[in-house]
Amino acid sequence: MKNLVSRFVKDESGATAIEYGLIAAGIAIAIITAVRGVGTALNGTFGTISTSLK
């Protein structure tokens, strides 16, 4: 039983998976923010072009 608990305490594979998950979440948030910013800018540009063509 001591051996099992000792191996469980020393196992860091779960912590590594959590770290990779947090990194992936951070990258996803950065991508979403960038895409939203570009989308807003493009919406304004196309609105200006549409108004100019009318």
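Predicted model: local features only at pLDDT ≥ 70, side-chain atom pairs only at ≥ 80, totals over all residues.
Residues are numbered from 1 along each chain as its sequence is written, and side-chain values use heavy atoms, with hydrogens and water left out.

Now the overall picture. The chain has 2 helices and 0 strands; these are DSSP runs, H or I of at least four residues for helices and E of at least two for strands, numbered from the N terminus. Its radius of gyration, taken over C-alpha atoms, is 24 Å, well over the 10 Å of the globule rule for 54 residues, so the chain is more spread out than a compact globule. That rule is 2.2 Å times the number of residues to the power 0.38. Along the principal axes, the C-alpha atoms fill a box of roughly 80 × 10 × 5 Å.

How much of the chain is buried? Buried residues make up 0% of the 54, where buried means under 20% relative accessible area, exposed over 50%, and partly exposed in between (1.4 Å probe, protein chains only).

Let's walk along helix α2, residues 13-53. Gly-21 is found there and is partly exposed at 37%. Gly-21 and Gly-37 are 16 residues apart in sequence and 24 Å apart in space, C-alpha to C-alpha. Ile-27 also sits in this helix, partly exposed at 48%. Ser-52 belongs to helix α2 too, and counts as exposed at 58%. From Ser-52 to Ile-23 the C-alpha distance is 44 Å, across 29 residues of sequence.
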